[in-house]
Amino acid sequence: MTIPDPAGPDLAGPDLAGVHAAWLPPEAFRAIGSRHTLVLGEGHLVGTVHDEVARACARYGGRVRRAEAGPYDLVLALTAGEPLPEAAAEVRPAEAVGDEGYVIARRDGVTVVLADGPAGLLYGLFHVVRLGERAFAGERRAKHHRPATRRRMLDHWDNVDVHPVMGQVERGYAGGSIFWRDGAPRGDLARVRAYARLLAACGVNAISVNNVNVHATEARLLTDRLGDVAAIADVLRPYGIRVHLSVSFASPVAVGGLPTADPLDEDVRKWWTGVTGRVYETIPDFGGYVVKADSEGQPGPFAYGRDHADGANLLAEALAPYDGVVHWRAFVYNHRQDWRDRSTDRARAAYDHFAPLDGRFRDNVILQVKHGPIDFQAREPVSPVIAAMPATRLAVELQVTQEYTGQQRHICYLAPMWREVLGFRPWGPGGAAVADVIGGGDLVGVSNVGDDPYWTGHPLAQANLYAFGRLAWEPRLDPAAILDEWIDLTFAPVANGDVERSWHTLHAVMDDSWRTYERYTAPLGVGFMVRPGHHYGPDVDGYEYTPWGTYHFADRDGVGVDRTRATGTGFTGQYPPPWSEVYESLAGCPDELLLFFHHVPYGHVLRSGSTVIQHIYDTHFAGAEQVIEARRRWEEAAGLFDPSLYARVKDLLDEQVRCAQEWRDQVNAYFFRKSGVPDAHGRCIP
């Protein structure tokens, strides 16, 4: 396979005018740039490593060489090839560390990073960047680092054409697309190069560049507009990132002129084989396809009486000769549900559609499963599909863009939630965790990036993008430690004098922000109390009588969805023991998920000792107060941060305070009027 050369010698430097440097400000490279470095090895990515070090040295007075002429402070080398310097040879690993793995050690005053492959050397370089001066202090025993997942992928829901409802980026809260504008490529790809650099620094190695809801123009990226995708691939390649493409299942009809897209039709199979071959002729390291089918109006195999294994295997067959994969999304449900029918349960849908197909998917099909059974709510249980398909390759999908968690207008650090998901043990204590189930597979996030100067709209939402990459690399990392890394890289080098105060301020407003958001929004796992359509702000009954299947069933007597086997939809039976019994039991169900699994009276006593109605009141008052406190802490930090960044966060905190109070007042008033039960503390409820 011949890979095109990188797009020019000037890779994305740290100084992109008007764009925040995020976690790679020039100062983060001071420790490397002020020292002498040896880079050994061949390949495009080794060239990227050299260029990164060379830029840092040009700024801070160090030196980088491609041939041994010591002494050196830092050696970055491939394990194979030319003879290694003595310091590196002494820590050469006895066993392979893999294409993306590396070993880092320090002895006799020399820091060494060794990798089997160029990608591993790139990741090893960014590990040294994270360590900063600590990388050059004392002794460091050799330690192996390997990614836990094979693909650490971001899905961009970017439209080429501006959609009349969803705009340039569907569920995008940070401006327009960095790839597309008004039906065409953006042209200048410097921003994309800078993005690739940020992603490599946190471990991401794949992206899809268009919306999973594939519209007419986007469908043509597969054929006559493939050159637009190739141009993006050329820019991402120097940072080890492969391009994937969202495609329409109906492409043989929509852009191929065939009368059918039936996955068992021979002409359809030939069409996909031919078009996929042309894709790889143009982009030899193309990653594969992403498909949303038979969901929310997208075409799929159901139209032809086929199932999702038939559909996915069709594309997998076309991709197999090139080691490509198809990410087939399991987000399939009836979005035209009769709200009067309590037996139909959206939460059941993915399992009902896909669990019977376990073992029927080709090896290069990756079933992409949302981490919860509904739709990226602030609190929902882990999807039972993850435990139900041992003979199928799975990817867990997380939503980095904050559709239901404040839309990047609210501070909501999501790593603690994701860490809970990845650490959940579907078969109970002692069993495998979700991270083990997908081990060696894929973790996928829906990107939160746009063309905003701060990448993610809210400057502090950058932490979620960084944390996704780090957890995809190592799912067992501590979210607080990841936040430390992000703060140290992003803020410590540029803090105005008081690094410790800056650190404490950021931890104070971010550490518990996910649970704070949960407190002032939907209680006890019930979910979906947002405004229909744009999903921002409270509307308790907004979806209650719609066909979307997202209900809370509140009445004068109680609230919650009965998903038990005994009296409800039977959803609890989709889990293996012990969770099938824990969730079935009113006494055993965790408080935070009670209303997801049970319809209970307002006077039901939680494990906390509070009643459901009092819990609703207390948490909504507390959540709103915590946001006010976060704003106060930020105001006290005036002068510690860049003035424009400080002002952006302050304005957004003002909006978060307003919105949290609206959530508090609407939710509390709604349940007070439903239940007739007053607040035990006599607080004002409108």
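Residues are numbered from 1 along each chain as its sequence is written, and side-chain values use heavy atoms, with hydrogens and water left out. As the model is predicted, local features need pLDDT of at least 70 and side-chain atom pairs count only at pLDDT 80 or more, while totals for chains, interfaces and linings use all residues.

The open sheet has six strands in the order S2-S1-S3-S5-S4-S6, and its pairing is mixed. Its edges are strand S2 (63–65) and strand S6 (140–145), each of which pairs on one side only. From one strand to the next, the twist averages 10°. Helices (H or I, at least four residues) and strands (E, at least two) are DSSP runs, numbered from the N terminus. Two strands pair if DSSP finds at least two bridges between them. In general, strands of a sheet pair through backbone hydrogen bonds, either parallel or antiparallel.

At one side of this sheet order, strand S4 (residues 102–107) pairs with S6 in the antiparallel sense over four bridges. Val103 has His144 in S6 as its bridge partner. Helix H4 (residues 118–131) packs on the sheet and touches strand S1 (36–40), strand S3 (74–78), S4, strand S5 (110–115) and S6. Contact here means heavy atoms within 4.5 Å. The direction of H4 makes about 45° with that of S4; axes are lines fitted to C-alpha atoms, for helices over the stretch in contact, and angles run from 0 to 180 degrees between N-to-C directions.

Val110 lies in strand S5. Val110 counts as buried because its relative accessibility is 13%, where buried means under 20% relative accessible area, exposed over 50% and partly exposed in between (1.4 Å probe, protein chains only). Neighbours within four places in sequence aside, Val110 is in contact with Tyr72, Asp73, Val75, Ala87 and Ala105. Val110 and Ala137 are 27 residues apart in sequence, with 9.5 Å between their C-alpha atoms.

Thr79 sits in the loop between S3 and helix H3 (86–89). Thr79 has a relative accessible area of 13% and is therefore buried. The side chains of Thr79 and Asp116 are joined by a polar contact of 3.0 Å. A polar contact is a pair of N or O atoms within 3.5 Å; within protein, one must be able to donate a hydrogen and the other to accept it, and residues adjacent in sequence count only if both atoms are side-chain atoms. Not counting residues up to four places away in sequence, Thr79 touches Leu84, Arg92, Pro93, Leu114, Ala115 and Asp116.

Next comes the barrel. Eight strands close into it in the order S7-S12-S13-S14-S15-S16-S17-S18, with parallel pairing. On average, neighbouring strands of this sheet are turned by 25° against each other, direction ignored.

Strand S7 (residues 151–155) and strand S12 (residues 206–208) are parallel and share three bridges, with Met153 partnered by Ala206 in S12. Strand S13 (residues 242–246) runs parallel to strand S14 (residues 288–291), and three bridges join them; there, His244 has Gly288 as its bridge partner. S14 also pairs in the parallel sense with strand S15 (residues 325–329), over four bridges, and Val290 stands opposite His327.

Strand S17 (residues 393–399) is mostly covered, with six of its seven residues buried. Strand S16 (residues 365–370) pairs with S17 in the parallel sense over five bridges, and Gln368 stands opposite Ala395. S17 also pairs with strand S18 (residues 442–446), in the parallel sense over five bridges, and Leu398 stands opposite Gly445.

Helix H13 (residues 415–423) packs against this region. Its buried residues are Ala415, Pro416, Met417, Trp418, Val421 and Leu422. They pack against S17, helix H14 (434–437), S18, H15, helix H16 (479–490) and helix H18 (513–520).

His458 lies in the loop between S18 and helix H15 (462–473). Its relative accessible area is 1%, so His458 is buried. Residues up to four places away in sequence aside, His458 touches Gln408, Arg409, His410, Ile411, Val649 and Leu652.

The axes of helix H21 (residues 612–636) and helix H22 (residues 643–675) come within 9 Å and cross at roughly 165°. H21 is therefore roughly antiparallel to H22; angles under 35 degrees count as roughly parallel, over 145 as roughly antiparallel, 65 to 115 as roughly perpendicular and the rest as oblique.
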